[in-house]
Amino acid sequence: GKNTQGSATNKESFEILNQIIKGRRSVRKWEEKSLDENTIKNIIEIAKWAPASYNRQLWRVLIIKKQNEKEFAEQFFPNSFYKNAPALLIFLMDKESYGKNEMHFTYLDGAAFIQNILLLFHSIGLGACWIGFKGWDCYGNAYIETEKIDAFYDYFKLSRSLVPIS
């Protein structure tokens, strides 16, 4: 439909967005520089404008910068190249507000949010790589031992209503 929000859309902004979308790549090697946490938080705040089913906006982000936390998280992701990145962001969705037949929206809503974050990082010259979470899904299907699932929630002091998606 037509943009009724009053913001101007023009060829120049289209071209800028076109370049950002087409220019973004998954980055797997990082410079040894620290990443300002305020930069991450600002990007997260902007990314929250992502569409979400019923405008629920139930995403949460766990920002991990400590090496021991990255090493702990390694068991839940298919690779370990990210351990040298200045920060690891674990994206979680609060599944409590999704009905039984809506659980797939946790991944859809989260994906829109994550895509915004990836594009925003790229737009300011920072690289990122989207890595899928392996271990369990929003339906409760476990692909690892229950003890590891318990350890994840205990280690990061998270509510069981939060489902890690990426």
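Visitor: By class, what does the lining of the second largest pocket have?
Guide: Keep in mind that this is a predicted model. The residues lining the second largest pocket are Thr 9, Ser 13, Phe 14, Leu 17, Asn 18 and Ile 21. Sorted by class, they give no charged residues, 3 polar and 3 nonpolar.

Visitor: And how much space lies in that second largest pocket?
Guide: Phe 14 and Asn 18 are among the residues around it. The space in the second largest pocket comes to about 190 Å³.

Visitor: Which element gives the largest share of the lining of the largest pocket?
Guide: The largest pocket has a volume of about 580 Å³, and 28 residues line it, with Trp 30, Ala 85, Ala 87, Gly 127 and Ala 128 nearest its centre. Two elements give two or more residues to this lining: strand 2 (88-94) and helix 4 (104-123). The largest share, 4 residues, belongs to helix 4.

Visitor: Why do the buried residues of helix 2 lie on the same side?
Guide: In helix 2 (residues 37-47), the buried residues are Ile 40, Ile 43, Ile 44 and Ala 47. They share one side of helix 2 because the arc they cover around the axis is only 100°.

Visitor: What covers them?
Guide: Helix 4, which also contributes to the largest pocket's lining, is one part of the cover. The cover of helix 2's buried residues also includes strand 1 (59-64) and strand 2.

Definitions and conventions
Residues numbered from 1 in each chain as written. Predicted model: local features only at pLDDT ≥ 70, side-chain atom pairs only at ≥ 80, totals over all residues. Heavy atoms only, no water. 1 Å grid on protein atoms, 1.4 Å probe; cavity = no way out; pocket = protein on both sides within 12 Å on 5 of 7 lines; lining within 4 Å. Points joined across faces, edges and corners; volume = space filled by probe spheres on them. Nonpolar A, V, L, I, M, F, W, Y, C, P; charged D, E, K, R; others polar. Buried < 20%, exposed > 50% of the residue type's maximum accessible area, 1.4 Å probe, protein only. Arc of directions from axis to C-beta. Contact = heavy atoms within 4.5 Å.
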